[in-house]
Amino acid sequence: MAQQMNSDTLTLADLRPEQQGEIVKIETEDGVFKRRMQSLGVVAGTPVTLDRSAPLGDPRIYSLMGYSLGLRNAEAQQIRIRVK
Amino acid sequence: MKSPVTVALVGNPNAGSTSLFNALTGAQSAVANYQRVTTSLNVREITHGGVPLRIVDVPGIFSTSSQSPEEKVGCDYIHGEEPDIIVNVLDAGHLDRSLFLTTQLIETGLPRITVLNMMDEVRRAGIRIDTALLASALGSPVVETCALKKEGIDALLDAVAAMASTTPAAAPLRLHYDSHLEAAIERVQQHLSKLHPQELSPVRSRWLAIKMLEGDDEVLRHESNHVELVEEIKGEQSALAHEHDEDTASLLASARFAFSNGLLREVRQQESDPTAGFKLTRILDDFFLNRTLGLPLLLGILWVMFEATFSLGAIPTDWIKAGVQLATDLVDKTLPEGMFHDLVVNGVMAGVGGTIVFLPNIVILFFFMAILSGTGYLARASFLMDRVMHHFGLHGTTLIPMVAGFGCNVPAVMATRVITNKRARLIAMLIAPFMNCSARLPVFILFAGAFFADMAGTVVFAMYMLSLVAAMVSAVLLNRIIPGSGGDAFVMELPPYRLPTLHSVLHHMWDSAQGFVAKVTGVILVGSIVIWFLQEFPRDITYSQDFETVIAEQTALPDSPEKETALKTLKSAQAQEKLEKSYLGRSAIAVTPLFQPLGFSWRDSAAIMTGFVAKEVVVATYAVIYAQEKGSDQLTETLRGAMPPATAIAFMIFTLLYAPCLSTIAIIGKEAQSWRWAGFSVAYSLTFAWLLALAASRIGGTFL
């Protein structure tokens, strides 16, 4: 499958509604954004699913740690995931 | 402990700290179901069990080291003030995420009490929490509360009072990291103790060491003169990164979450379907956040809100109108003819009475605002709108200050503090005054009712939509004008839907009613008196003709219908000339050429000028002028005859957009820390308003 081939570059923005993801790493030079994400539970190993998308497909709502987090695709692309 | 004992309420945004603060102290600070309603410290002193307590509500934070500006107030408070007791407020339904902050608070070594707030939601979701086990694992008492229902408040106060009268444990709880991290922490700690001998307790130096390794800019800046220390930190960080293929901040964050996940596995038991509790939220979101229905629904909800504000408001408004009429007639008959009579009847009663009738509309609007923000729908609205707003160079979360602006622009400007990026915040601040605040509502209700009675609610709705469009267009323009670039990341938690308490909704309405009445009896009252004097003086006017003589001649003629008409015309001409030559008339006529292209008369100019102070004065000005000139208390009818509908639209648009009121100008100057931007805001909005009103009067003139 295409996804497994690109599994190194899979990001949160690629997650599809039926998939179960797991956070691998936040890839950004922006320390403030990174720490902000970490304090919201975006750390290696956290399971994550896609809840729903806004009318134009951006931003999207993800479900993790029992709550709903809204993120734009531009930010979601900086979060590497693994799909189970 | 010292007296009073300082107790800081610290928790994640939307964890309910402010509700708890209100329940503890009897304060009435604003609460809603979205993040960052509270942007500055709230402080109140109370006494419980003989212990004086100073309760501080700290704006919500997710972490003590995130350094984003919206968390700065909270972080600075914990770093700098060192409260005597920390009450860590946790949203019991979101423990997985909220315990992260708890792990950081543990490391401050300050005495803590853990509050599990919103326990009712957790119980409903079939979750059981072993609080005794949690208390021993966190090294702090645990109190269960439901702040909105005022449950558990006494238990919390008892725990605080008990803690205040005992000496804190010498060796508080400590989180253990893996051996590499622990070794690095130890080395930095030793270095710190050498630099600050005897000053630092072991808990404090460990806390500082962890903060520095985490890369906390604030703490690092504090130690920046110790070059060696900073070098050592960098060395430790790169060694750790080399060993773990992860930066130190991530390692520490992972360790914190590992601790809290492990803890939750021990203390939390799911007794039924985990999704059951928030099932309603899912169902509602399938509807409200639907990809096709979501946006039309948002517009529909806003339309219903303004339609109801107009039509439901009309019923009690009629009662107030009747009351005002009764009072005016009474005063009219009781007071002897003369200047004082005219001042009271045509100045005070007309101005104040003409404005107070809008009280029901304002209260109804605030009822809807309380529902929108209290249920959590407002957070959804900003999610739905983010893409559109992003297109205009705005941020989805800007919608919250914008909608807050429907109430009043002053808190809207303050609410821009939620925006992280400085430039984005400035732009949001400059467009906030375009939001149709409730002070402008009376103008629209009056005009829409007078000129477009059949679809008045829709016209009011259209004005609100126009205010949003004006804000968006301005955002595009300002994005080009203001140098720099960059915006915010959209990071937002969607809270579960909650039913706002009756108390909080009523409080919201009561608050708005009080504010409006205070305005009417303050600025409107004074304004009406000033306007009355300005239109009454000077009294030694040279008329274009000798009215006194002509009127006397007419009166002497035998009675006939022609005589009545002629007399009426003469008297009205005299009144009009008197007004035009008064101070008010002269100054309004002086600026009228500016408004001529828009089709405004000098009366409209006068209303606009006085509206600079506060927009409600616009209505009061019309009321005073017409009361004096036509002897009419039927503002709506008189207004209808005074201008064509196209001019009415132009006037509404101009009122909507022109210069913010004095309080808003002041708050922009303060928040932007520059009077130049406040001045810019005035100049920009005047130009914008003028151009749009011109377009409206031209286009409207051809259609209406």
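I take helices (H or I, at least four residues) and strands (E, at least two) as DSSP runs, numbered from the N terminus. I note that this is a predicted model, in which local features need pLDDT of at least 70 and side-chain atom pairs count only at pLDDT 80 or more, while totals for chains, interfaces and linings use all residues. Residues are numbered from 1 along each chain as its sequence is written, and chains are lettered from A and ligands numbered from 1 in the order in which they are written.

**Entry 1: annotated positions in chain B**

I looked up the positions that UniProt lists under "binding site" in an unreviewed entry, and found Ala23(B), Thr25(B) and Gly26(B); the annotation also covers Asn22(B). UniProt positions are given here in the numbering used for the model, with feature names shortened, and annotations may be inferred rather than shown by experiment.

Is Gly26(B) buried or exposed? I use buried for a residue with 20 or more other C-beta atoms within 10 Å of its own, exposed for 12 or fewer, and partly exposed in between, with C-beta atoms placed from the backbone. Gly26(B), which I found in the loop between α1 and β2 (42-48) of chain B, is exposed because 9 other C-beta atoms lie within 10 Å.

Ala23(B) sits in helix α1 (residues 17-25) of chain B, and I record Ala23(B) as buried because 21 other C-beta atoms lie within 10 Å. Asn22(B) has its place in helix α1 of chain B, and counts as buried because there are 24 C-beta neighbours inside 10 Å.

I then listed contacts, calling two residues in contact if their C-beta atoms, placed from the backbone, lie within 7 Å. Leaving aside neighbours within four places in sequence, Ala23(B) is in contact with Ala147(B), Lys150(B) and Ile153(B), and by the rule of leaving out such neighbours Asn22(B) is in contact with Ala27(B), Gln28(B), Ser29(B) and Val31(B).

**Entry 2: the hairpin in chain B**

I followed β2(B) onward and found that seven bridges join β2(B) to strand β3 (residues 51-57) of chain B, the two running antiparallel; strands are taken to pair if DSSP finds at least two bridges between them. Ile46(B) stands opposite Leu53(B) in β3(B). The two strands form a hairpin with two residues between them, and Gly49(B) in the turn has a positive phi of about 55°.

**Entry 3: the domains of chain B**

Chain B is divided into domain 1 (5-165) and domain 2 (179-264), with bounds that come from an automatic or database domain assignment. Their C-alpha centres lie 26 Å apart, and the contact takes 12 residues from domain 1 of chain B and 15 residues from domain 2 of chain B. On the side of domain 1 of chain B that touches domain 2 of chain B, α3(B) gives the largest share, with seven residues.

**Entry 4: where the chains meet**

I next turned to the contact between the chains, which takes 31 residues from chain B and 29 residues from chain A. On the side of chain B that touches chain A, the elements giving two or more residues are α3 (95-108), α11 (248-267), α13 (294-334), α16 (377-391) and β9 (491-494) of chain B, and α11(B) gives the most, with five residues.

Which strands make up the open sheet? I read the order of its six strands as β5(A)-β1(A)-β2(A)-β3(A)-β4(A)-β9(B), with antiparallel pairing, and the edge strands are β5 (79-83) of chain A together with β9 of chain B, each of which pairs on one side only.

Strand β4 (residues 67-71) of chain A pairs with β9(B) in the antiparallel sense over four bridges, and there Gly70(A) stands opposite Met492(B) in β9(B). Strand β3 (residues 60-64) of chain A pairs with β4(A), again antiparallel, over five bridges, with Tyr62(A) opposite Leu69(A) in β4(A).

**Entry 5: Val24(A)**

Lastly I looked at Val24(A), which has its place in strand β1 (residues 21-26) of chain A and counts as partly exposed because there are 18 C-beta neighbours inside 10 Å. Val24(A) and Val83(A) are 59 residues apart in sequence and 10.0 Å apart in space, C-alpha to C-alpha. Leaving aside neighbours within four places in sequence, Val24(A) is in contact with Ala44(A), Arg80(A), Ile81(A) and Arg82(A).
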